[in-house]
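The following exercises concern the interface between two chains. Please work through each task before reading its solution.

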2 protein chains.
Amino acid sequence: MQNKRNFSAKREAIFQELAATDTHPSAEWVYERLKEKIPGLSLGTVYRNLSVFKEMGIARSVGIFNGQERFDANVSYHPHFVCKTCFRIIDLPKGFYPPEKNLYRMIERDCGVSVDDHAITFYGLCHECNGI
Amino acid sequence: MQNKRNFSAKREAIFQELAATDTHPSAEWVYERLKEKIPGLSLGTVYRNLSVFKEMGIARSVGIFNGQERFDANVSYHPHFVCKTCFRIIDLPKGFYPPEKNLYRMIERDCGVSVDDHAITFYGLCHECNGI
DNA sequence: CTAGGTGCAAATTTTTTGCACATGC
DNA sequence: GCATGTGCAAAAAATTTGCACCTAG
């Protein structure tokens, strides 16, 4: 496993930007924020590095919402809430809906597949879009 | 000829094709299958009608996998399994990982959002891709 | 006639990729 | 020098849309 100290300056900055937010940003969002600090940055580099992070296992995709893939540097399991209106993505505590111990093994036995991951996503309206 | 839904012939055929399969197909898949039976059909019409079905609540999106949105005419809640290699999508019995009664209300109270839906997706390798 | 549905192709949007150049060891 | 990283723009791929026509009622 590669230490992120060996990252290039731009790769490091992209990872830090992703890791420092809880907004589960898109590539575009990361690019827009970083191009102020790093004038030479290109959007393609952001895409390429987000792919690198996924392959390394230090980031994951939350899903594609409103046509844009959303990323998360918090790779420990937790459910998400997605607002159907503004596509805000909120982390939910792991305590909501915790997976049973042998759930993957049960599915494997009953369905003839191998399972190594899962995702839980709730949908609705966030506080701002709810008109409250 | 009029059917009970008042769908046009093509709309009805698209819905029937979606409802008759458990493959959770993409628009392309539906189009490829139907264009043999309905020579004049166009891909745009398939896309437009799948959107209509989603708005009507008689179909839903399973998610976007391998760049293609996948649809399901089975709108009653059930978890899905997605093969990371071939992107086959398999229905799992509702009994796996059933939601707790007041889960939505708990999330609403604790997180200040309104919740009306959720999805659970397991990932791994299907039987064919597992080399078994 | 009217309203909705469709074919067709162009446009849109997001993401990927080819290639030349840059950078660090 | 060599391998990796990057800018830039073109390409790719999926989906949406504009518009003219068509069809049912």
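**Exercise 1.** In which sense do β5(A) and strand β5 of chain B pair, and over how many bridges?

Solution. The model is a predicted one. Begin with the two strands: β5 of chain A spans residues 114-125, and β5 of chain B covers residues 114-125. Their pairing is antiparallel and runs over eleven bridges. Next, locate a position within this pairing: A:Tyr123 lies opposite B:Asp117 of β5(B).

**Exercise 2.** Determine how many residues of each chain are in contact and what area is buried.

Solution. Count the contacts first: 32 residues of chain A are in contact with 32 residues of chain B. Then turn to the area, since the size of an interface is often expressed as the accessible area lost when the parts come together. Chain A and chain B bury about 2700 Å² between them, with 65% of this on carbon and sulfur atoms.

**Exercise 3.** Identify the polar and charged links between the chains, and then the make-up of the side of chain A that touches chain B.

Solution. Residue pairs in polar contact between the two chains, both at pLDDT 80 or more, number 14.

For the side of chain A that touches chain B, α4 (103-111) and β5 (114-125) each supply at least two residues. The largest share, twelve residues, is provided by β5(A). By class, this side comprises 21 nonpolar, seven polar and four charged residues.

Key
Residues numbered from 1 in each chain as written. Chains lettered and ligands numbered in written order. Predicted model: local features only at pLDDT ≥ 70, side-chain atom pairs only at ≥ 80, totals over all residues. Heavy atoms only, no water. Contact = heavy atoms within 4.5 Å. Buried area = accessible area lost by both parts, 1.4 Å probe. Salt bridge = Lys/Arg side-chain N within 4 Å of Asp/Glu carboxyl O. Polar contact = N/O pair within 3.5 Å; in protein donor to acceptor, adjacent residues only side chain to side chain. Helix = DSSP H or I, 4+ residues; strand = E, 2+ residues; numbered from the N terminus. Nonpolar A, V, L, I, M, F, W, Y, C, P; charged D, E, K, R; others polar. Pairing = 2+ DSSP bridges.
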